[in-house]
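The sequence and structure are shown first, and the points follow by topic.

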Amino acid sequence: MVIPDYYEFGSRAHIMAGHDALEQIPGLLTSMGGQHPMVITDQGVARAGLVDILLQVLDSRITVKTIQDDVPADSDLKTVHTLAGQYKKYGCNAIIALGGGSVMDTAKGVNILVSTSSDNLLAFSGANALTHRLNPLVAVPTTAGTGSEVTRVAVISDPENLRKLLFTSGFLMPDAAVLDPRMTLSLPAPVTAATAMDALSHAVEACLCLGRNPLSTAHAHEAIALISHHLVPVIRQPDHKPGRLALATGAALAGMAFSNSMVGMVHTLGHAVGSVCHAAHGTCMAVLLPYGMAYNLHKTQPLLADLLLPMAGADVYARTRPADRAQKAIDWVGRMNQRLHRATGGFHAVRLQDIKAPDGRALVPRQLLPKIAHTALGDGSIFYNPEDLDYDDCLMVLEAAFDGAPLDLSRVKKG
Amino acid sequence: MTDFMEIPPGRHRWKKLYLRCMLWFFGRAVQAAARVDDGVKSEFAAMPDNFTFCLGAFPSGPYMVVGKDAHGRVRHLGASLADRPIHLHLMFKSPALLFRVFAFQESTPVANARNRLYVHGEVPQACAVVRIMDVIQVFLLPKFLAKRAVKRCPAWPLKRRTLVRARVYVRAFGGW
Amino acid sequence: MTLLNHFLCRTKTAFGTQALAHLPFDLSGMHAYKPFVITDQAARDAGLHLTLARACRDTHLALGLATLTDAEDFETLYHLFADKGYDSFIALGTGQVVQTAKALNLALCHGPEKLRSPAGPGQINRPLLPLVYIPTHPETGQDTAGETFFSGRHFVSANLMPDIAVITADTMLGTPGAAVLDSGLASLATCCEAFAFSGNPFARSYAHAGICLVMDTLLPLAQQSDHGDLLCQKAGKHRQLPLAKLAHAAAVSGYIQSNLPDLKSRQAVAHLTAVHPAPSAAPSSGLCMALALVHLLENSKDTCPWLGKLLLPLTDAAHYAGVPGPGQPDAAVRVIRKLLHALSETVPQGMPKTLGEAGLTPGQISEMSTLLTYTQHKEPPW
């Protein structure tokens, strides 16, 4: 076991995972003194009937003061301030965040404002600006997922100034993360695939990046095994509750892992693609994951080799020569993307050029790759990547991912 | 009976003195490189005028402050945070942890990965400042030390490795 | 009600070189600027309080330092803390030090009468003052668990878990071989049982890391001569890091204990001591747990599908993948037996490697078999 010279690991959210996990919420809120919650969600979740499922399990101990379902796809300052006003107006004392990453980030931002009685969210941006515990926040993810239910980070955009604000603090972590398969049963196949691959990318990068440590690696390996084993079966049988719970658990474990060890170039490039082209986060991660693994191969070979076991199982691992295991892990991810592409009827993208809007329009044109590469240089995750990346390196990887061609490893500059 | 005593906060004078000297020279080297190196020039060009950043240690220094004035000229502004707005803080969590980097016991990327420092300010600007710092370290340090300080030693052309480096050193000592 | 997995660990673990240098910043993040340090005489004699003070240099952090000498100190400490306006705790030591800190924290936040009231669930339902725990020996996990003992009363709450556990080679004291074995075996048993039987993926992840830490360090530590190690001195240079890793494993086992309070290997300790022909000569709690673990694994092989996967953290990926599935449970038991044999050879007076060698009769072992069997395994819900 290789232990880094120094590391930290913490995950303070109370995690509840099970087929009846939602039923724990009334007790959780009561114990935290949060019997008058505001529910923050988005319209997609509301239309799917998930808010109704939640309300059914909230017994007489809990009085939901208001349901706010207007959270946009990207959390922004204006929405946060508006919802904070609603929280105070209705006399709420807790938040239930029911949704994906954007809902979670919005809820965390709202919680900052209502717990500090501040009107200025900007004052809390950056690291460790909060100094005391916030009001109760229960996170109920409806994707599997971003892992935001167990992270201490919120990303909130400031569209007026064309920037994204990062908030980092241990106090931002939700008090509880409730993982219930009923929340993801109706998730369409392409979204299931993309969000699960997002979670997989969290887990893989947590194992490879400079911040890796034994605890995050253990969580990540468990996550990889769960996602690898259950993703395709769930795509084929969407109402399989045990499989949905496995994916939700895997996403939470991956969130715990990367929250402590950070992520690397897959997220560096993926964030940039998402920001420039407005492509879905999980889809970008899925496409770029094998390329990020290949780029870092020369620095992380033994670590990549270790990933083959949770990904492909003991038989494949034992049959593969030790020198080949790392490449096999990379190939496995590529093949997973192919399998998902077939299983989703072509919706799951394998190349950047395949990423499409709902109307079929290609979202990532080749001529935007230089702009994406330039944008990537401003993403903080770049510094956690095992190998350095400059503009040319980013462009090289993006071009390969665009074409679906293997990365030319001879062009990777080695540090 | 309980044995009770109060231990006042101590000071590590020599380490702080060393850090002050290193940060002073480093700041002047940043100023120098901003005048003579195209790579550093282009990083600063992307920053707004009057942008100021500091590198230092929690809770009260030492610090290095560098800023761009209203005419886009980059200057080393000394070691004080007072009397000026700082747009970006790169702060190590204690002087001891800052010392580890400036004594070459730990590289900047490794220190970052080990949660030794935190950032207040905009992330893209922080990324640019870290790249600038990497370039300065490669200019100032012999190769065997530079390899330990940065993630990947760049393959610079001869002119940048020799002439530009010499100009950075001379200007850093001279302060212009 | 179907199976629900839950996990709560309030403690951030900080491990490694210069871990103490992060402390002033971390304390400020918890709005704590005036910590009250509780330590013991051994740590004091070894100068660890100065190690802590050096880490706080140039950070304006003044430390109040109290050295525990006897139980009557509690009231004195209470008044010292309250009267001088401290706002957080640093427990520098193990065992009594951290239990005292937890009890003090409870008394200061809920009132001293809390310590006299019956302990029950839900009694401590709000966070206490910040508590940082810096171990000086590897322990058996109670230090980081959400529990404390005071005047014969047992208090249980996740809010009793430390906020931060700072584990570093810099604060490791000389640890006799017996204590090393006790800690390592206790951590191993707790983590193995959680990994094999809990069906809880969050507990399994922590357990995986804990098992790896023990397997990496316990035997080499036991094989080193510790004649130079004195309790009141820092551990020898070559032992500091392995002891820190073992302390890390113990911390992890504490997190697991807080979430899985019904571990059979822990229950077996009291039972084994009670039935032992000479209770004062009963094996240490860690050894009891390890011996119980072997029986647990052997008795539960048929009912527990996860058992074979235990081979992975006990060995490595290559070894695990090389053993066919049906053979993995036996292989895992063999690894533990082999470890116990090897450890026994490091103990001059020998060490029991089975419950029989520990002094139990076959009849007594057979009676314990109900306790030492998982008849209904907790399968993960997928």
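In this predicted model, strand β2 of chain A (residues 14–18) is joined by 4 bridges to strand β1 of chain C (residues 4–7), and the two run antiparallel. Within that pairing, L4(C) of β1(C) is the bridge partner of G18(A).

**Strand β2 of chain A**

- A further pairing links β2(A) to strand β10 of chain A (residues 176–179) through 4 bridges, and here the strands run parallel.
- In β10(A), the residue opposite A17(A) is L179(A).

**Contact between chains C and B**

- Chain C contributes 24 residues to its contact with chain B, and chain B contributes 22.
- On the side of chain C that touches chain B, at least two residues come from each of α1 (23–29), α3 (48–55), β4 (63–68) and α4 (73–84) of chain C.
- Of these elements, β4(C) provides the largest share of that side, namely 5 residues.
- The side of chain C that touches chain B comprises 13 nonpolar, 8 polar and 3 charged residues.
- Strand pairing also occurs between these chains: strand β1 of chain B (residues 3–7) is joined to β4(C) by 5 bridges, in antiparallel orientation.
- One of the bridge partners is L63(C) in β4(C), which is paired with I7(B).

**Domains of chain C**

- The domain assignment divides chain C into domain 1 (12–171) and domain 2 (177–368).
- A distance of 28 Å separates the C-alpha centres of domain 1 and domain 2 of chain C.
- The contact between them takes 22 residues from domain 1 of chain C and 27 residues from domain 2 of chain C.
- From domain 1 of chain C, the elements β2 (12–16), α2 (41–45) and β9 (164–167) each supply at least two residues of the side that touches domain 2 of chain C.
- That side of domain 1 of chain C has 11 nonpolar, 8 polar and 3 charged residues.

Terms used:
Residues numbered from 1 in each chain as written. Chains lettered and ligands numbered in written order. Predicted model: local features only at pLDDT ≥ 70, side-chain atom pairs only at ≥ 80, totals over all residues. Contact = placed C-beta atoms within 7 Å. Nonpolar A, V, L, I, M, F, W, Y, C, P; charged D, E, K, R; others polar. Pairing = 2+ DSSP bridges. Buried ≥ 20, exposed ≤ 12 C-beta atoms within 10 Å, placed from the backbone. Domains from an automatic or database assignment.
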